[in-house]
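Let us read this structure one feature at a time.

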Amino acid sequence: MSGAGGAGGAGAGALVVDTGALAVDPDELDAAADALARSAGEVAATGARLAALALDPALLLSVPLSPGTGVPAERALGALVLGPGAAAPLAAHLLLLAGQLRTASLRYRAGEQVATAAVAAARRAAAEVLVQAAPALGAAAAGLLAADVAHRGAQAGDEVLRRAVAQVAATGELDARQLRAVAVREATAARERVAADVRGAGLLLARHPWLVQEAAATAPSVLRAAARRSPVLTGGLLVLAPQALRPGAGPREVAGALSALGTVGPLFRETPVRVVPVAPRAVPTRPPRGVAEVLDGVAHQSTGFAPHGPAGSVGGRMPPAGRPAPGTVRLERVTAADGSVAWIVQVPGTQDWTPLPRAGGTPMDLTTNLRAVAGEPTATAALVAEAMRRAGVGAHEPVMLAGHSQGGLTAAALAADEGFTARYRVTHLVTAGAPVDGLPVAGHVRVLSLEHTGDLVPALDGSAARGSAARTVVRRDLSADPLLAAEVARDPLLAHGWRSYLATAALVDASDDPALVEHRRSAAAFLDAPGARVEVLDYRGERA
């Protein structure tokens with residue numbers, strides 16, 4: 001593991017390049033873990049006392065009965081328990097770090113099998129405790145949200161009342177039209193304040209993405225613990241998704257249990273996909289020169305992407321163009337001076353968040369997300385495979401699959417599909433902000449994964465990204481970039497956005513890290529060179 005050189009310096013938000021090569025002393029790991037655990041114990045004691053107060057039934061009941069005292073108390077305790085820098089999250093973070101160090105020490109001392117078993121046992125125990133405490137935890141969360149809404153609503157009502165009193169005092173009568181305008185304005189402001197508080201919770205998760213990762217990793221144990229307490233749930237899972245109840249089941253099996261709902265109802269129901277060619281837009285003038293321009297090609301297929309600058313694309317490779325139709329993928333056919341051909345397949349991310357697939361809708365929806373995590377065939381993968389067939393991709397021509405978010409997940413799923421890799425010569429996979437750590441990508445495929453430390457999406461697979469001889473993981477902490485730090489602090493979605501990933505990809509292209517230099521060398525067939533030319537073929541898919 002090494003820090004990137006070149007443009008990847010600390011001033012731009014340093015890159016951390018992980019190729020899996022790391023050597024440490026297990027004794028030092030154990031000592032550091034002990035020190036962290038002792039510190040966490042002291043912090044946790046304070047956090048536990050605050051959490052106990054927040055869960056006090058008397059206080060929760062006081063919210064609706066006595067909002068004047070219950071609301072401020074619950075909000076204050078909520079800020080102390082869940083707010084930025086609170087004792088409980090800090091203690092949990094320290095304990096997690098200690099656990100990660102101990103796990104690393106176990107792996108060095110006894111190998112992966114022992115370490116995996118230890119972590120699995122801990123997660124099973126945590127799941128049992130969570131299921132037992134679920135009613136109280138649910139009541140506390142509902143109480144905090146209800147208190148927030150009640151408090152903001154009361155503030156809006158008080159302001160309208162003050163205006164009414166002022167009107168009567170000044171004129172002796174009420175101006176109904178003016179009061180209505182005040183009421184609308186104050187209600188809108190109250191809604192925005194509640195939304196800001198919710199965004200604050202999102203920022204907390206963005207600052208601590210390990211919370212999402214651990215939640216996803218523990219979800220299978222929680223599901224099994226809940227099933228042991230509910231015969232109805234157990235019966236349903238045995239019929240629809242028995243794999244979710246097996247020991248060793250992971251997030252993939254939980255996603256499979258949810259996607260199984262599509263066999264008995266409209267939720268997450270898979271459909272065939274209809275594929276049609278569409279007229280290319282934003283046609284590139286040359287092949288890409290690096291990762292940034294490859295991912296920029298992906299971005300231009302995204303319905304949510306708005307190009308910046310008059311050139312319309314990274315490096316001015318493509319002219320400005322409007323947004324594409326939903327469900328569009330692009331194939332770039334790169335022909336070298338000697339006539340050899342290579343293909344870049346560009347797959348965008350989620351475009352529809354409904355769990356109810358509809359005829360004529362884009363396959364890049366929530367159903368595809370869930371089924372891809374579950375390791376099941378998806379409509380988006382079918383779109384990509386059919387587009388490649390229609391484009392005439394040859395069995396011996398090298399293929400680079402590239403995607404962002406769901407697009408990266410789809411690309412990785414195809415690179416892990418033995419039937420697909422037997423049909424096509426996939427040599428490279430580039431992903432940005434995608435949860436691909438658990439997918440068994442074919443060993444001959446060179447993988448480059450870009451992940452931001454505050455991006456929650458890559459954490460949804462429940463495992464930490466690891467480099468290897470075939471996979472290079474590049475991490476970047478956007479909060480370390482002085483140009484982005486303020487924006488990251490305001491917007492938890494920025495870490496997953498296109499603008500930030502394209503900036504990270506530019507740092508990757510400029511870096512002199514040996515792993516990234518080698519990746520560029522290996523991908524030469526897909527990149528611009530004297531005499532090379534490019535043509536594009538765009539295809540749109542819709543659910544049939």
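Q: What joins the side chains of T271 and R543?
A: A polar contact is a pair of N or O atoms within 3.5 Å; within protein, one must be able to donate a hydrogen and the other to accept it, and residues adjacent in sequence count only if both atoms are side-chain atoms. Here the side chains of T271 and R543 are joined by a polar contact of 2.9 Å. This is a predicted model: local features need pLDDT of at least 70, side-chain atom pairs count only at pLDDT 80 or more, and totals for chains, interfaces and linings use all residues. Residues are numbered from 1 along each chain as its sequence is written, and side-chain values use heavy atoms, with hydrogens and water left out.

Q: Where is T271 found, and which residues is T271 in contact with beyond its neighbours within four places in sequence?
A: Helices (H or I, at least four residues) and strands (E, at least two) are DSSP runs, numbered from the N terminus. T271 lies in the loop between α9 (251–259) and β3 (273–278). Contact means heavy atoms within 4.5 Å. Setting aside neighbours within four places in sequence, T271 touches A379, R543 and A544.

Q: At what angle do helix α12 and helix α13 pack?
A: Axes are lines fitted to C-alpha atoms, for helices over the stretch in contact, and angles run from 0 to 180 degrees between N-to-C directions. Under 35 degrees is roughly parallel, over 145 roughly antiparallel, 65 to 115 roughly perpendicular, and the rest oblique. Helix α12 (residues 379–391) and helix α13 (residues 406–415) pack at about 65°, axes 10 Å apart. They are therefore roughly perpendicular. T380, A381 and V384 of α12 make the contact with Q406, T410 and L414 of α13.

Q: Is the crossing of α11 and α13 left-handed or right-handed?
A: A crossing is left-handed if the near helix is turned anticlockwise from the far one by less than a right angle, and right-handed if clockwise. The α11 and α13 crossing is left-handed. That of α12 and α13 is right-handed. The axes of α11 (residues 366–373) and α13 come within 10 Å and cross at roughly 40°. That makes α11 oblique to α13. In α11, T368, N369, A372 and V373 meet Q406, L409 and T410 of α13.

Q: How do the axes of α10 and α16 cross, and at roughly what angle?
A: Helix α10 (residues 291–299) and helix α16 (residues 498–510) cross at roughly 160°, their axes coming within 7 Å. That makes α10 roughly antiparallel to α16. Among the residues that meet are L295 in α10 and W498 in α16.

Q: What is the mean pLDDT of the protein chain?
A: pLDDT is the predictor's confidence in each residue, from 0 to 100. The chain has a mean of 76, and 63% of its residues reach 70 or more. Residues 1–11 have pLDDT below 50.
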